[in-house]
Amino acid sequence: MNEKSIGIVGATGQVGSGIVETLLKNNTYELLLGGRKIDKLREKYGKESEPIKYQTVDVFDEKSILSFCGQCDLVINAVGPSSLVLDRVANACMLTNVDYIDVSGDKTMKMAIEESITKYDSNISLVISAGVYPGLTEMFLAFLLQQNKEPIDNISSYFAGKGNFSETGAYDIISSLENDEGYGMTYYCQGETKKLTSGLGSPVNLPSPFHQVYTLPVISEEFMECLKDFRVVNAYFYNTFPTSKMLSDFIMIKAMQQFKTEAEKRGSARRLVDNYETQDKYQGFIIYIVWDEKGAKKTTWLQSNANWNYCSGIIAAITAMQMLDINLTNKRRCHYAQSIVNIEALFKHLLSTDYISIIN
Ligand SMILES: NC(=O)c1ccc[n+]([C@@H]2O[C@H](COP(=O)([O-])OP(=O)(O)OC[C@H]3O[C@@H](n4cnc5c(N)ncnc54)[C@H](OP(=O)(O)O)[C@@H]3O)[C@@H](O)[C@H]2O)c1
């Protein structure tokens with residue numbers, strides 16, 4: 001048993017379960033699992049025994065999160081909504097000198113954390129966007145770009161997911177629309193985003209069982225950073241929706257920005273969960289990439305038959321295991337997971353699980 005200890009806040013959630021189960025399979029670390037109710041932790045993971053310990057923690061209570069983080073070498077946050085949690089867990093990690101990973105990302109969170117780094121004069125490793133989207137969407141792109149011998153000028157990436165939202169996830173989707181996270185209706189061109197006049201709601205055929213989906217072009221900071229690292233010239237990213245009705249519902253949320261109170265916003269998140277509750281037993285996601293090579297169209301895709309939230313936990317767990325083995329040199333900033341992980345080792349690990357496959 002490795003003496004290092006990893007703390008997981010939000011351990012009973014959909015993402016938290018993926019983290020805990022992946023770390024237990026690797027059986028190398030002591031785990032401190034946290035949530036607001038110990039009973040829920042016991043119900044899910046059984047009685048405390050090597051290597052698992054439990055602790056009650058509320059990320060909105062500073063004393064409790066400081067006490068939790070202080071016992072670990074690294075803490076992974078899987079508590080949401082991330083738009084409310086923001087830099088709370090990161091701050092506790094800075095104050096207790098413990099490395100930090102978050103499955104969530106976006107520029108608002110990164111800016112909040114970077115402001116705190118200067119305030120606390122911290123020297124720990126801080127990593128965000130260690131989930132599927134953002135996270136694996138960029139890691140898969142980096143994997144392709146690293147493996148391709150020729151530089152790639154034009155590339156398009158499509159993300160599609162099937163399965164139910166958690167209420168926490170739905171709340172975060174609404175917040176990201178409200179906060180204008182990502183650059184909607186744009187594409188990437190030589191280090192900048194440029195406006196698109198088409199591409200909204202276009203039908204695209206993806207491999208089975210996704211079939212026809214409808215596109216929403218959006219460029220994230222994570223995606224841009226990855227493209228800059230590999231000097232890609234033009235790139236497009238499309239989040240996709242299974243029906244055009246679902247896409248227009250999401251656009252309406254953005255257009256109306258109708259939430260006067262927190263209760264209204266929570267209500268809207270609940271409605272999203274209810275309206276889009278699927279009876280489809282298939283859960284999974286796909287990252288589908290198309291690019292030009294010597295005048296010919298090439299495609300590759302990564303597919304998972306597991307829930308997107310659970311897989312986010314797997315990505316965060318692998319990132320954590322890698323981070324405990326390396327010493328990040330540039331610590332005085334908040335990193336996106338894709339830029340600090342060893343991409344080849346991550347995919348070797350991922351492909352050895354039953355959850356992810358890559359089709360060329
Ligand atoms: N990057 C990505 O691809 C990606 C994918 C999926 C999700 N996410 C993000 O990951 C986060 C978690 O999503 P999820 O679907 O796993 O949510 P979830 O299923 O609702 O789980 C939330 C977890 O946090 C705990 N929790 C809630 N409030 C807490 C608090 N104040 N203090 C401590 N623990 C608390 C909950 O347990 P108790 O209620 O018992 O405390 C539960 O264990 C969200 O922010 C979501 O947006 C990112």
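The shell around the ligand draws at least three residues from each of domain 1 (5-130 + 310-345) and domain 2 (136-308), with domain bounds that come from an automatic or database domain assignment. This is a predicted model, in which local features need pLDDT of at least 70 and side-chain atom pairs count only at pLDDT 80 or more, whereas totals for chains, interfaces and linings use all residues. Residues are numbered from 1 along each chain as its sequence is written.

**Ligand shell**

- Gly 10, Gly 13, Arg 36, Gly 80 and Gly 131 come nearest among the 35 residues around the ligand; a residue is near a molecule or strand if its C-beta atom, placed from the backbone, lies within 6 Å of it.
- At least two shell residues are supplied by each of α1 (14-26), α8 (167-178) and α12 (308-325).
- The shell comprises 14 nonpolar, 16 polar and 5 charged residues, where Ala, Val, Leu, Ile, Met, Phe, Trp, Tyr, Cys and Pro count as nonpolar, Asp, Glu, Lys and Arg as charged, and the others, Gly among them, as polar.

**Overall fold**

- The protein chain contains 14 helices and 17 strands, which are DSSP runs (helices H or I, at least four residues; strands E, at least two) numbered from the N terminus.
- The radius of gyration of the protein chain is 20 Å, close to the 21 Å that the globule rule gives for 360 residues, so the chain is as compact as a globular protein of that length. The radius is taken over C-alpha atoms, and the rule is 2.2 Å times the number of residues to the power 0.38.
- Of the 360 residues in the protein chain, 47% are buried (20 or more other C-beta atoms within 10 Å of the residue's own, with C-beta atoms placed from the backbone).

- Strands β14 (residues 284-293) and β15 (residues 296-304) run antiparallel and are joined by 9 bridges; two strands pair if DSSP finds at least two bridges between them.
- These strands, β14 and β15, form a hairpin with 2 residues between them, and Lys 294 in the turn has a positive phi of about 50 degrees.
- β15 is also joined by 4 bridges to the antiparallel strand β17 (residues 356-359), where Ser 357 is the bridge partner of Gln 303.

**Trp 291**

- Trp 291 lies in β14 and stands opposite Lys 298 in β15.
- Trp 291 counts as buried because it has 22 C-beta neighbours inside 10 Å.
- Beyond its neighbours within four places in sequence, Trp 291 is in contact (C-beta atoms, placed from the backbone, within 7 Å) with Ile 152, Asn 154, Ile 155 and Lys 298.

Note on methods
A residue is buried if 20 or more other C-beta atoms lie within 10 Å of its own, exposed if 12 or fewer, and partly exposed in between; C-beta atoms are placed from the backbone. Two residues are in contact if their C-beta atoms, placed from the backbone, lie within 7 Å.
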